[in-house]
Amino acid sequence: MGIAFKSRQQHAKILNPATGYEEKTLTLETRWDPLTKRTVRVLDLPIKKLEKLDVDAMLQKGAEVPCPFCPDAVEQVTPRFADDFIQGGRLRFGEVFLFPNRLPFDRHCAVAVLTRQHYLPLADFTEEILFNGFSTACVYLRRLVEVDPATRFFSINWNYLPMSGGSIIHPHLQIIGGSLPTQYQGAMIQGGRRYHKQWGTAFWDDLIATEQALGERYIGALGNTVWLASYAPLGFADIMAVVRDRCSLVELTDQDIRNFAQGLLRVFKYFQEFNHYSFNLALFSGHYGGDDSFRVNARVVTRRLLPPSGASDSSYFEKLHGESISYKKPERLCEEVRGCF
Ligand SMILES: [Zn+2]
C-alpha cells in the first residue's frame, strides 16, 4: 500500500507583548496531500466554537431584489432544456426543480433548486431534501452521458450562503459536465491513475483502509460512504466522503445517495454545534468511460467571514499561491465531528 502522510513542522519565534515580551515559539505545519502532493498549511489555533452569525442581517442584504428561485418566479424566469433532451424542459422531483444554468461554466451546466422555501437553515435540512436534490442531479447526469458522448467529466457542487460565494441564498446545487475536468478534478484523476499503475490498487480504497487502521481521521461509515477528516485540508474544516466501489456519479444507487444524505446531515449537525454557517461542497466523478482507478468522493469545506470587519476567508494564500490554510488540526476536527456520527 502506498499511502504516505508527509508533513513538516516549522517554528517561528516572537517576543510576546502579553507576557512582558518573553520569547514565544509558534508552530506551523506544512502537509502534502497524499494524492495530489499539493501543499497546505495547518495552524492549530485553540479555536473551539466560532462566534454566532447575525443571520437576519445576512438575509436582509439584497432582499429588495426578487429571488429567481422562489416558487412564484422560478417557472417564469429560468431557462428550459430542449424537449428532445429533457421532456418538458425541466426536471422535477419532490420540491426539486432542475433547469439549465444561464452561466456557461461548462458545456453542460444545470441548477437544481432544492426547496420551495427561500432560506433553509442547516437545522431544517432533511434526508428527503438532500436525497431528492442529489438524485435529481444524477438523473440529469445520466441523461447527459446518454445524449452527448463528449461529456466525460462532471461534478455536483454547492455554495451554501453568500460567504461561500453563493450569490443566491435560496438553496441550490450546481451540476457541471463537459469534455474537460476542472483543475483539481484532473489532478485527482491523474493522481489516481499514477497510484493505480504503481500499486495496483485504487488510492481511495487504500486511503480508507489506512485511515481506518490509524483511527485519527476516520469519522465513520454509512453504507458504502466513508467519512474522513481530510489529511491536507482545503479550508478551516474540510470533511471528505468516499463512496466505495463507485467510479462515476452515474453509478450511484438510490441507497448510495441516501447514505450520503444521512452522512451530510450529521456533518450539518456538527456545523451547527460549532457555529459553522456556510460551506462549499463538491461531489466529484472520475473520467467517464475511462479506467476504474477513481472513486466518487466529496469535499465539504466550511466558509466564514472573519471578525471584526467581516473579511473574506480567502486571502493571497488561496488566490495567488494556490495554498490553503487551516486553523484546526484535522485530527481534532475528526474527534469533534465523530461526536455527531
Ligand atoms: Zn428564493
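Let's start with the sheet: an open one of 10 strands, in the order 4-5-6-8-7-12-13-11-10-9, with antiparallel pairing. Strands here are DSSP runs of E, at least two residues, and helices are runs of H or I, at least four, numbered from the N terminus; two strands pair if DSSP finds at least two bridges between them. At the edges sit strand 4 (91–93) and strand 9 (218–222), each pairing on one side only. From one strand to the next, the twist averages 15°, with axes fitted to C-alpha atoms, for helices over the stretch in contact, and angles running from 0 to 180 degrees between N-to-C directions.

This is a predicted model, where local features need pLDDT of at least 70, side-chain atom pairs need 80 or more, and totals for chains, interfaces and linings use all residues. Residues are numbered from 1 along each chain as its sequence is written, and side-chain values use heavy atoms, leaving out hydrogens and water.

Helix 6 (residues 254–273) runs at about 30° to strand 10 (225–229).

And what coordinates the zinc ion? Cys67 (SG), Cys70 (SG), His118 (ND1) and His170 (ND1) do, at 2.1 to 2.3 Å; donors are N, O and S atoms within 2.8 Å of the metal, or 3.2 Å for Na, K and Ca, and with water absent, sites may look incomplete. The arrangement is tetrahedral because the 4 donor atoms subtend angles of 101 to 119°, and the cut-off for four donors is all angles between 85 and 135 degrees.

Notes: Contact = heavy atoms within 4.5 Å. Tetrahedral: all angles 85-135°; square planar, octahedral: opposite > 155°, others 65-115°.
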